[in-house]
Amino acid sequence: MNTPEMMTPKNRAQQTMAHNMTLVGHHELDGFGGMGEGIAMQKTDDGRRILWMAHESAPKNFTGVDVTDPKSPRVIVQTELPHMKVRSNSLDVVGNLMVVANQTKEVNMKPAGFNVYDISIPEQPKLISHFDCSGPYSRGVHAVWFVDGKTVHIASGAPDFQPHNAKDDQIYRIIDISNPAMPVETGRWWYPGTRVGDTTPPPPRLPEQFDTGFRAHNTNVFPQHPNRAYVGYIDGGAIVLDISKPSDIKMVSHWNHSPPFNGFTHTVLPLFERGLWVVSDECVQDDGKDWPKLVWMVDARSDANPVPISTFPAPPYDAFAKRGGRFGAHNLHENLPLPVSFQSETLIIGTFFNAGVRVYDTSNPYQVEEVAYFVPGTPRLAPAGAVQLNDVFVDDRKLVYTMDRFGGGLYILEMNL
Amino acid sequence: MKRDPLAGKIPVSLITGFLGSGKTTLITRLLRHPDMNRVAVVINEIGEIGIDNDLVKMSSENVSLLANGCLCCSVRTDLQETLRELFGERRAGQIPDFDRVIIETTGLADPAPVIQTLASDTMLGAHYRLDGVITLVDAANALTQLAEFPEPEHQIALADRIFLTKCDLSTEPAMAELTTAIALINPRADIRRCSQGEIDPSDLIGIGLTSARAGNDTLHFLGELKSRSVDDTPPAYLGQRLPARHDPAVKTLSLRFDAPFTWATFSAAMELVISLRGKDLLRVKGIVNVEGNPVVVQGVGHVFHPPLPLDRWPSADTGSRVVFITRNIDEASLRSLFQAVSLMQA
């Protein structure tokens with residue numbers, strides 16, 4: 001349906017936009033298509049490919065979709081949360097083991113931590129253990145990173161961690177699940193000065209409208225450099241930690257664009273062969289109020305002096321900022337060191353909420369080029385009035401799986417690249 | 001998964017037709033068709049179309065949106081520039097997104113340069129692909145026009161699909177004659193009828209190759225899904241009795257080669273044909289066995305689209321089949337040229 005306003009870019013949210021990407025399949029996930037930022041693939045013992053996704057909010061916990069044939073994705077399991085004040089948001093899969101976060105709406109609630117499941121029979125996930133992070137200052141786990149089959153790196157509260165500011169409640173914690181039935185914490189790190197009792201003074205905060213806290217978001221550790229954790233520390237910027245001794249973690253690199261920018265560093269993705277980091281922000285306010293939220297290219301050859309060398313060309317502000325919901329950077333495909341994951345040092349794929357999923361060629365890190373995008377038309381009954389693509393995963397077949405934050409569910413795309 | 005170089009490109013259909021063939025009537029109706037959402041139509045003489053009442057809003061000087069979602073774009077400087085601007089404005093979100101482009105050419109224009117533009121302009125070639133050439137033929141006057149002007153013959157020769165227009169002003173026997181005359185020039189074109197410019201947008205699309213992944217679409221593109229096979233000779237007898245058309249200069253030659261080529265041999269042979277008879281080569285289309293692998297080739301005049309390797313053979317037939325639409329070139333000399341190059345390369 002077209003109206004006179006259609007010529008105004010912001011009123012074109014219902015239009016699907018595509019450049020070098022083709023929709024292969026779409027699934028609304030049985031009416032519960034509001035998805036978080038956890039998306040992972042399992043190759044089952046009988047050769048099927050199951051895509052696991054964490055929901056953005058209650059009542060659903062996680063959904064497994066058989067994507068062996070990407071043209072006809074099929075829900076094989078969808079699970080419930082115990083109550084409406086908890087969400088999963090994040091998950092990861094290695095082999096037949098899946099780790100799913102639990103984050104509560106308020107402190108001092110349960111379950112706040114993460115669950116470990118045996119998904120050997122994907123239709124019947126079996127709970128092996130729960131790692132409890134609940135406490136008087138904790139909302140539990142917001143994000144998990146689990147790629148080696150034995151260690152879970154989390155952005156989480158802890159029962160014994162009291163922040164000066166309630167917004168600083170998520171710290172970086174390392175949990176050993178070598179014995180999946182008995183998760184054990186082996187290390188933790190927090191931004192100096194954020195904990196009650198720290199000798200360092202608390203860090204200066206961003207202006208109130210952009211103050212989203214000094215807390216961990218993505219806590220990535222790769223086998224190429226197992227002694228380093230690449231952490232997006234929200235208003236604390238991009239941080240690299242030396243985790244060779246989990247009981248004595250040290251910061252080795254720190255880069256923060258804010259101020260003057262508007263905070264919320266989300267992901268630090270190292271490109272090991274090139275000495276670069278790709279750093280993404282997260283947009284957290286509607287209608288472009290916290291614009292610009294960008295993806296940055298950082299020259300990281302020197303631990304001590306990371307230097308930003310470019311930003312990825314952002315989707316056009318005029319076309320998207322006012323079309324509904326959030327507009328700006330968020331999750332990246334993180335080159336998961338797993339056989340089912342696409343890995344590239346040059347092609348970077350990210351989600352940008354109402355500006356869809358976008359693909360960048362970073363061959364020239366000083367002049368990154370946008371080479372493909374797909375912006376689904378507004379999903380049915382979308383509260384934001386536009387799609388809000390939240391997270392993305394690319395498999396070893398080079399198929400792109402991306403999901404909407406509210407209602408649109410799963411979109412499977414082919415890159416024509 | 002192997003990259004499909006065609007999948008991301010915006011298909012372009014070209015509508016040609018000699019003066020009076022009904023292009024303006026057709027475009028006027030097409031623009032208002034409900035299925036034209038997400039189609040950009042590039043028009044030469046927008047004043048003639050009379051769409052002012054249907055315009056939703058002007059977005060820029062030369063792009064307008066119609067109530068059905070169709071974008072109407074007038075050519076300002078030249079077509080290349082217009083197509084570049086359309087792509088740039090789409091990419092920047094300044095105009096509504098569109099999935100395909102339909103270009104109206106002027107009645108006197110040779111459509112070949114437009115097609116060549118898509119192949120030779122690097123930027124356009126990266127983002128657009130030719131879907132097909134649709135030629136309108138005036139059923140009442142075409143035989144006379146063919147005898148008097150060179151353009152109609154050229155437009156028919158380049159067509160993938162032909163619509164006979166003004167059929168109500170012609171007779172069945174006259175249309176049968178015309179159909180035969182068309183088949184003599186271009187036996188592979190799909191001939192349909194259209195009255196009063198009534199056309200469904202789906203008749204103008206999906207003509208060309210949409211994917212490098214072989215399938216029925218590939219065979220359709222190669223003209224091998226119709227009952228007529230490559231080696232059949234075109235129907236002849238009626239055409240020879242046509243007034244003033246005793247020996248049509250433009251002919252379709254279908255060549256088949258059973259031995260595989262190396263790419264060097266095939267391209268050397270093509271280059272030789274182009275250098276000797278480039279201006280008489282109107283269109284080339286086919287599938288070539290390059291050391292066992294299927295490669296689709298397409299050219300208009302002396303300009304060739306980049307060769308397209310397919311992921312597999314679309315059928316059990318792994319011979320090279322190439323169709324040449326030529327002017328005053330006979331099959332024997334074309335074949336001997338290929339043989340000579342093959343011998344030299346060997």
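Biologist: Which residues have the most contacts inside the largest nonpolar core, and how many residues does that core have?

Modeller: This is a predicted model, in which local features need pLDDT of at least 70 and side-chain atom pairs count only at pLDDT 80 or more, while totals for chains, interfaces and linings use all residues. Residues are numbered from 1 along each chain as its sequence is written, and chains are lettered from A and ligands numbered from 1 in the order in which they are written.

The largest nonpolar core has 117 residues, and Leu91(A) and Val144(A) have the most contacts inside it. A nonpolar core is a set of buried Ala, Val, Leu, Ile, Met, Phe, Trp, Tyr and Cys residues joined through C-beta atoms within 7 Å. A residue is buried if 20 or more other C-beta atoms lie within 10 Å of its own, exposed if 12 or fewer, and partly exposed in between, with C-beta atoms placed from the backbone. Not counting residues up to four places away in sequence, Leu91(A) touches Val144(A) itself, together with Gly38(A), Ala40(A), Trp52(A), Ala54(A), Phe62(A), Met98(A), Val99(A), Val100(A) and Ala101(A); two residues are in contact if their C-beta atoms, placed from the backbone, lie within 7 Å. Apart from this core lies another, of 85 residues, which includes Val42(B), Phe163(B), Phe266(B) and Val296(B).

Helices (H or I, at least four residues) and strands (E, at least two) are DSSP runs, numbered from the N terminus. Ile412(A) counts as buried because 22 other C-beta atoms lie within 10 Å.

Chain B has 10 helices and 15 strands, and 42% of its 346 residues count as buried. Helix α2 (residues 79–91) of chain B has 13 residues and reaches 18 Å from its first C-alpha to its last, close to the 18 Å expected; the expected span is 1.5 Å times one less than the number of residues. Leu79(B), Thr82(B), Leu83(B), Leu86(B), Phe87(B) and Arg90(B) are buried in α2(B). These residues cover an arc of only 130° around the axis, which puts them on the same side of α2(B); the arc is that of the directions from the helix axis to the C-beta atoms. The buried residues of α2(B) pack against several elements of chain B, among them β2 (39–43), β5 (71–74) and β6 (100–104). Just after α2(B), Gly93(B) takes a positive phi of about 70°.

Strand β2 of chain B contains Val39(B), which counts as buried because it has 24 C-beta neighbours inside 10 Å. Leaving aside neighbours within four places in sequence, Val39(B) is in contact with Cys70(B), Phe98(B), Arg100(B), Ile102(B) and Pro201(B). The C-alpha atoms of Val39(B) and Asn68(B), 29 residues apart along the chain, are separated by 9.8 Å.
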